[in-house]
Structure formats: structure tokens, C-alpha cells
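Look over the sequence and the model, then read the points below.

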Number of protein chains: 2
Amino acid sequence: MKILKSISEVRRVVNNNKNKQIGFVPTMGFLHEGHLSLIKKAREENELVFVSIFVNPTQFGENEDLDSYPRDLERDSNLCLNAGVDYIFLPNANEMYGENFSTFVQVDKLREGLCGKSRPVHFNGVCTVVTKLFNIVKPNKAYFGEKDAQQLAIIKRLVKDLNIDVEIIGCPIVREEDGLAKSSRNSYLSERERIEARVLSMGLKKCKALLESGERDVQALKKVIEEEINKAESSKIDYIEIVDSESLQEVETVKNKILVAIAVFIGKTRLIDNFTFEGEK
Amino acid sequence: MKILKSISEVRRVVNNNKNKQIGFVPTMGFLHEGHLSLIKKAREENELVFVSIFVNPTQFGENEDLDSYPRDLERDSNLCLNAGVDYIFLPNANEMYGENFSTFVQVDKLREGLCGKSRPVHFNGVCTVVTKLFNIVKPNKAYFGEKDAQQLAIIKRLVKDLNIDVEIIGCPIVREEDGLAKSSRNSYLSERERIEARVLSMGLKKCKALLESGERDVQALKKVIEEEINKAESSKIDYIEIVDSESLQEVETVKNKILVAIAVFIGKTRLIDNFTFEGEK
């Protein structure tokens, strides 16, 4: 495994391997089993596997956790090495955003609801950096977690709209034993918050059970989640939304494929979780 | 020479020629000698030459000339054939902008002055379609006319910022015998307007002579252009600007490399012209 810090080094490797199938896992580092499941899939399906580790400043809002975002390069490299990664792309912010940088990529509509409400610049930052990374690594397939459901929908739209020649693969959420979705941000939680944080997955579980029992009313479905989350003293709901899984537009009753998505502050830590459900056609 | 109408046909050709050097000339058709000079250069420098012909709706403002923009595919194909083009990519708007299209690419700062003032959506449309075309054709080199000086500066910035792996080549303005810069829009001019239209290049010529004689005051330089253009009864100045050739920011005195750029309505037809000048360092 090699660590490449400059764009030109990556270009050289990519140009020397034009006929090889490249799988790519873009990350912000502090890898957990969610990331490792993406890497595992990339390893199975490709000849070369690239992982990028870049805490992208443009996707953080002014009052968000850019500076405190957890980093542990040594641990990350060992995990990548053991997972059979061929190259880690590890640029710094200056390598990615040089002097007079002035371009951005935006996906309208999809970016507006859900996390876009409380994080208005977030998805422009994501789209811009992902477009850049795709142009640098030129992967055949790229792997993203379904935990970031809105991000996944936006990136699929972006790739389709801009005709980027890459296949986007979504991979299932990986969870802790008590159901909490794996996230680098879980490391922010105090011991007590960590215990309380299970209300996110519990709320979703109860909502899913209700759906499976036939409930189709969105208000009733949201209510069961809300009640569960409010059991945690440290919780504050950012949103509970039930939307069409592709357009991300709110639905009134459950038809077609829906996404049930939530964002909740546990103390100061903002966590997200979701599941999809195939309603009647 | 083959005409390809679908993105998937282009993909197939490009994937079958992965190791060939591809030169690309994106156009809106109604080709003139300006375009042909780009194609000639592309032919000299590459193994395969692609020309796209697409009157891109997203770069026209609401009251602009999208519907009346001149088209003559038969003439264009003959010109391309004679110029040794290998493939014309001729998509329709639906092929380029399918259902629920919602992505755009924007270059800030550079897009704001000059033509950006009277054409606020224009360069977002250009950047978005050029990004798409680059992702479809995957050229090694792409050729643009220096007549569209702001467009060229923006595309260079876009390619650098988004790490698109293509070399952008600017080619000199081609002119009619009386100095008028070649443009598809010249076909809109009445006989009388056509004669009056030479004030654009005449104004620039006088400005250049003044620069060469040592004048460095921007107001004086602009004035000589203004006076020349006002000689034409049908003329109405959109802008006369002297800017840094890279940042496109207005300058007060002439230093480094400047761009002298003008946009003038001759009757209802908006024409542009420019030249660059290397001031003292």
C-alpha cells in the first residue's frame, strides 16, 4: 500500500493503470466498520482500490465541527493496509483548494430538504469535492454508505447529470450491537450520551414495525419516532422526515419507495440515521 | 466521419479508443473560419478529432436568441468532413438534459464582470455543458476561440479547480477582411449593419496603437474605442472594459497582461471582440 499526497502522484498511478478496474472509497478518515464494509466491497469488485482521506473544509458550515473532527491517520492506514487497499490519497486543503479557487458544483432540489435545512452549504461542498476526487482518481466504481442517504441520492443525481463515467454503489448501514449506526462522530459522545443515542435506531425500528403492520399515515409514523427519541434527556430533534427515496420530496401517505430519515442532537453531537421501505405500488 | 447523436454511442467510441489522443472542439454549429481554425489545430495535434454541435439552451437568457440562433447542419457536416473531423457529436436537448436535471457548475468571480453583467446565467450554462461534454468525450485537449475571452478564462479556471484532466488550448481570433471578428451571429446583420460593425475592430485597433505609443491611462484608452464605436449610427455600447487577463478584474493603469474587451449591439445583434496586451512588468 502506498500513501499519495499530491494530485500529480495519483494522476501518474491512474495513467499507468488505464486498463485496470479502479474502485474508490472517498472518506474523511477516522475509519470505522462502515467504511471498512465499503472498502471490502471495493476490494472484491476491482483490481485497484483507492481510499481518499480528506476532511473537506468546504462541506462544513461556520459553526460546525471542522476543527474538532476526529483524525487518526496511523490507525486509518493500518486499517486500510489490512483491508487490502492499494493506495490512500491523502491531500491537504491547499492541494485540493489552491489559490483563487472559485468553482463549485451544486445539485438543486435534492439538497434543500433534510440535512440541507440545517446545513445549507454542506452539499455544495460535498458535490464539489466528490467531482474533484472522481476527476483525479477516475474510478470505475465508487462506494458510499447508505447512512448518508441524502448524500447518496445527490451524488447519484450529480453523476447522472454531469455524465461522470463512474458507477455509484450504495452500501448498507453498519450498526453497533445496540443498533446505533456507526459514525466517526460517535466518538464525541460521553458515556451517558452513548447509551441514550440508541433512541435513534430504536425509533426507526418501531417505525418500521408500524409500517410492516400496515400503518401508512405519515404523521402516525413520525410520532412513534418522536416519542422514542424524546425518552433520551440529552436529545434534541433536528428533523424526522418521510420522503420519496429518489426525489427526497415529502410524502403524505406511504406509496412507492420511501426514505425515513432522522437527524438528532445528542448533547452537542448531531447524529443521523435512516431506513428505506418499499410501499405498495 | 460519423455523426453520433447519443451519449452512449460516444462512450462506446471513446472506450474503444482509450489509448488514442483525442482532440475536441465544442461548438454551437453554424461553423465559420474561426471554428475551422480550431478544428485544424485539433487535427494537427491529435489522433481522433471530435466536434460537438449543440445549441445549449442553458446558456441563453430568457430574452436572448436561443430560437433564432442560426443552424445549418448540412453545411456544418460538410465543413467538418473536409476538415478531417472523425466524429460529430450532435445531441438534442433531451439527451443532454433529461428528466429532473438539477445540477450546475459555477465559476465565481470570473463570471461576474464583462459579459456576465448583461448575461447573468450565461456562464453557468457554459460551465455545466462544457463539464458534461468533457465527461462524455474525455478529450486530451480541447480547443476554444480567444474571441470568447471571458469564456476561455472561465473554462481554464473550471478545469483547474475541478481537476478535469484536459488541456485547454486557446486559438487566435479569425477576422473578416475588414477586421470584423468572425461570429455565427454576424449572419443576423443587415447589409448596412454589416458595414457599420467594423467599428468594433477599428476601435480596438486604435486602442492598441495608443497602447503601443505608450498610453497607459485606462480612461484615455477606453475613450478612443468609445469614440470609434459611436461613429456607427446603429451601435449601442454594452461595455468597454480593460481588465487583468487572468483575474478579469478591472485595472486602473496598464500593467502585466491586460485584456481589452468590448460588447456592442449593432442594431439588435450583440457582438463581442477583444485583444490582449502585455504591459510592463
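## Where the parts meet

The contact between the chains takes 29 residues from chain A and 29 residues from chain B; contact means heavy atoms within 4.5 Å. This is a predicted model, in which local features need pLDDT of at least 70, side-chain atom pairs count only at pLDDT 80 or more, and totals for chains, interfaces and linings use all residues. Residues are numbered from 1 along each chain as its sequence is written, chains are lettered from A and ligands numbered from 1 in the order in which they are written, and side-chain values use heavy atoms, with hydrogens and water left out.

**Symmetry of the two chains**

- Chain A superposes on chain B by a rotation of 180° with 0.0 Å of shift along its axis, at RMSD 0.0 Å.
- The same surface serves both copies, since 100% of the contact residues of chain A recur in chain B.
- Which residue of chain A comes closest to the rotation axis? A:Val105 does, with its C-alpha at 2.3 Å.

**The interface between chains A and B**

- Chain A and chain B bury about 2700 Å² between them, and carbon and sulfur atoms hold 42% of it. Buried area is the accessible area (1.4 Å probe) that two parts lose on being put together, summed over both.
- Four salt bridges are counted between chain A and chain B. A salt bridge is a side-chain nitrogen of Lys or Arg within 4 Å of a carboxyl oxygen of Asp or Glu.
- A:Arg11 forms a salt bridge with B:Asp165, with the closest N and O atoms 3.8 Å apart.
- B:Arg11 forms a salt bridge with A:Asp165, its closest N and O atoms also being 3.8 Å apart. This pair runs from helix α1 (residues 7-15) of chain B to the loop between α7 and β7 (167-171) of chain A.
- Over all chains, the count comes to 42 salt bridges.
- Across the interface of chain A and chain B there are 22 residue pairs in polar contact, both residues at pLDDT 80 or more. A polar contact is a pair of N or O atoms within 3.5 Å; within protein, one must be able to donate a hydrogen and the other to accept it, and residues adjacent in sequence count only if both atoms are side-chain atoms.
- On the side of chain A that touches chain B, α1 (7-15), β5 (103-107), α6 (122-137) and α7 each supply at least two residues. Helices (H or I, at least four residues) and strands (E, at least two) are DSSP runs, numbered from the N terminus.

**The two domains of chain A**

- Chain A is assigned domain 1 (2-171) and domain 2 (184-278). The bounds come from an automatic or database domain assignment.
- The domain centres, taken over C-alpha atoms, are 26 Å apart.
- In chain A, 21 residues of domain 1 are in contact with 17 residues of domain 2.
- About 1600 Å² is buried between these domains, 55% of it from carbon and sulfur atoms.
- Two salt bridges cross the interface of the domains.
- A:Arg185 forms a salt bridge with A:Asp65, with the closest N and O atoms 2.8 Å apart.

Definitions and conventions
Copies are superposed by least squares on the C-alpha atoms of residues with pLDDT of at least 70 in both.
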